[in-house]
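Visitor: Hi! Could we go through this model together, starting with its open spaces and then moving on to how its chains meet?

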Amino acid sequence: MTEPRSTSPANSTASAAVAPVLVAPVLAATELVFRRSSGFTLSTPAFALDAGESLAVRGPSGSGKSTLLALLSGELLPASGRVFAAGSEITAASESERRAYRATRCGQVFQTFELVASLDVLANVLLPFRLHGSLTLDAAATAHARELLARVGLADKQRRAIHALSHGERQRVAIARALVTRPRIVLADEPTGNLDPALKRAIAELLLHEARTAGAALVVATHDESILPLFDGMLAIGGGAPQ
Amino acid sequence: MIALLRHASYIAARSLRHSWKRSALLAIVLGVSLGLPVALTTLLAQASSDMRARASVAPLLLGARGSEADLVFGALFFAAQPARGLAMRDLARVESESLATAVPIAVGATARKTPVVGTTIDYFAATARPAHGRMFATIGECVVGANAARALGGVKPGDRFFTDPASLSDLAGVFPLELTVTGVLAPTQSPDDGAIFVDLRTMWTIRGLGHRHDEPAQSATPGAVIGTVPTATGDNKIAGEALPIARSAAEGVAADFHFHGSTDDFPIDGAIVRPADAKAQAILLGRFTGKDERLQLMRPDVFTERVLERIFGVGRVLGAVAGAIALLVALVAASTFALSIRLRADELALMRRLGASRGSVAVFIAAEAVALVCAGLAIAVAIAACTPLAAPLVLRAASGGL
């Protein structure tokens, strides 16, 4: 992967007595354009996120929120534009490098939880360690997974089957799984989309809190207006710009 | 690579356990379809070995002219009724000039559905000896085969039981007789294991040719005497139908049984003929080839080979059918497995989204398939390994006691 070329504007407030330090944002994207063969075109403005910052991507269904997350995770490549994540340019990386990025530095939460039914709660959280050779499933990883489950309120349900959990509990498992590899970036696609209204805010706050605690940049695609105020910034798909 | 295989094994094991009913069904279907042809081959080999061994007991078989199969399966396997028409006096035709010895066999009776075989002590010269007790000696005594002893409820020397009230062949002769066990034969893995052996006189008694009753003149039963016949030594009493007929030879009264008429005329169903030598065998075989001959003398080994040839012909067809079925079942199992994988497309896509390579996902699927095939092979091996152990039981059940 090539090194990032951008620096964070946050350093502009640094003292004049201190030598200027170039600090790359954890996640940055130039203007991105993505086209499908169906004719669908997604255009997004440039944006950058530092560690611990959060960005909500809003827009109606079909506007391309999930596509943007797929571009940021390296699952899809844009027709034009560049994505920099965790110190590397994702859009210039090979397939295996992008896979390694998703496995090790990019945690993901999905709308439909996407948990493996045959694995129990703890095994689902530890699943990324079984999928990529660069991760080692050891006692430290297991301890970290247990700690994450405790933090999301599932300390006593680590050996439960997935089908025995409520929707809210399943999304908590998914959040723990997204954080278990200590990623620099967390991408969440409609994480509250399948939850009761009472649970939406709780899960969004949990996700934000855990991402900030882990020092990860968080991008959440949502069309849920009620949780938008929780985020540091917002990107509206379809002509909007980061606020 | 080792870590990948370890993780693949883990995920495969969890997946198989999660859908254990489907997994078990697939493994069993695979195992049975692979194991059955092997089991069939083993059973055929065992059956042919047993039949050849049994045929070797009797160099020649004498019987009334009729079905060779009935004679062999009746006289050697106690599972058929040979043609009628052989009598004790016919044995002289093979024993004359010391050409051979003959051991009579009478079948057709049962006790609790276990065949009762009438013969002489000479029968046991080439077969089993009692593991417990002694051989039968008088009317009403019997020795039982190892399996028959179990079938009769674990009988041992001293135990008694009645023969069944109706025989397979003598529907007109319903004469249950109480038998006393004097010995249990050592197992021989032959039809002897499943039979009850009695003296020929006992068999004739069961057939109603011998009996024991009170002296008519001394009987207190009304109607026991229906008339008298004057003789030089006094009046002979004519016994009536009301005279009680004893159906037990127990309590030391076996000697009171008697037969009316000459036992030379009494029927038997076959005879094992042991010729003195090859020349004697050739002479004897020639004696029973006449056009009007009412008896037959045949070689059980030749008959057995002819039967086995047909059985193996059928076996080859069955083997080919079983092989084709195994192939079809394997294809169905593979397509069922493929369908189950397609149903888990979301799960596999998730693995890809979380960073797994196509190769890794393929290894996960392969691990599951290999585990299923291994389980199926284990079942097939178990079936193949158990078949020789279960073969005697299976063959006995399948052949109706042959």
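**Pockets, interface and salt bridges**

Visitor: Which element gives the most to the lining of the second largest pocket?
Guide: That's α9(B), with three residues. Helices (H or I, at least four residues) and strands (E, at least two) are DSSP runs numbered from the N terminus. A pocket is an open set of points on a 1 Å grid over the protein atoms alone, with protein on both sides within 12 Å along at least five of seven lines, and lining residues have an atom within 4 Å of a point. Do keep in mind that this is a predicted model, where local features need pLDDT of at least 70, side-chain atom pairs count only at pLDDT 80 or more, and totals for chains, interfaces and linings use all residues. Residues are numbered from 1 along each chain as written, chains are lettered from A and ligands numbered from 1 in written order, and side-chain values use heavy atoms, without hydrogens or water.

Visitor: How many residues line the second largest pocket, and which lie nearest its centre?
Guide: There are 20 lining residues, with A:Leu115, A:Val116, A:Ala117, A:Ser118 and B:Glu347 nearest the centre. Chain B's α1 (2-18), α8 (300-343) and α9 (345-353) each give two or more residues to that lining.

Visitor: What classes of residue are in the lining of the second largest pocket?
Guide: Seven nonpolar, seven polar and six charged. Here Ala, Val, Leu, Ile, Met, Phe, Trp, Tyr, Cys and Pro count as nonpolar, Asp, Glu, Lys and Arg as charged, and the others, Gly among them, as polar.

Visitor: On to the interface. How many residues of chain B are in contact with chain A?
Guide: 18 residues of chain B are in contact (heavy atoms within 4.5 Å) with 22 residues of chain A. The area buried between the two chains is about 2,000 Å²; that is the accessible area (1.4 Å probe) lost on being put together, summed over both parts. Carbon and sulfur atoms give 58% of this area. B:Leu350, B:Arg353 and B:Leu354 supply 35% of what chain B buries against chain A, more than any other three residues.

Visitor: How many salt bridges does the rule find across the interface of chain B and chain A?
Guide: Two, where a salt bridge is a side-chain nitrogen of Lys or Arg within 4 Å of a carboxyl oxygen of Asp or Glu. B:Arg14 pairs in this way with A:Asp120, their closest N and O atoms being 4.0 Å apart. On the side of chain B that touches chain A, the elements giving two or more residues are α1, α9 and α10 (358-399) of chain B.

Visitor: And how many salt bridges are there over all chains?
Guide: The count is 29. One is formed by B:Arg306 and B:Glu68, whose closest N and O atoms are 2.5 Å apart. That pair links distant parts of the chain, with B:Arg306 in helix α8 and B:Glu68 in helix α3 (residues 68-75) of chain B, 238 residues apart.

Visitor: Back to spaces: which residues line the second largest cavity?
Guide: Among them are A:Arg102, A:Cys106, A:Pro128, A:Arg177 and B:Leu354. A cavity is a set of grid points where a 1.4 Å probe fits but cannot get out. β8(A) gives the most to this lining, with three residues. By class, the lining divides into five nonpolar, three polar and two charged residues.
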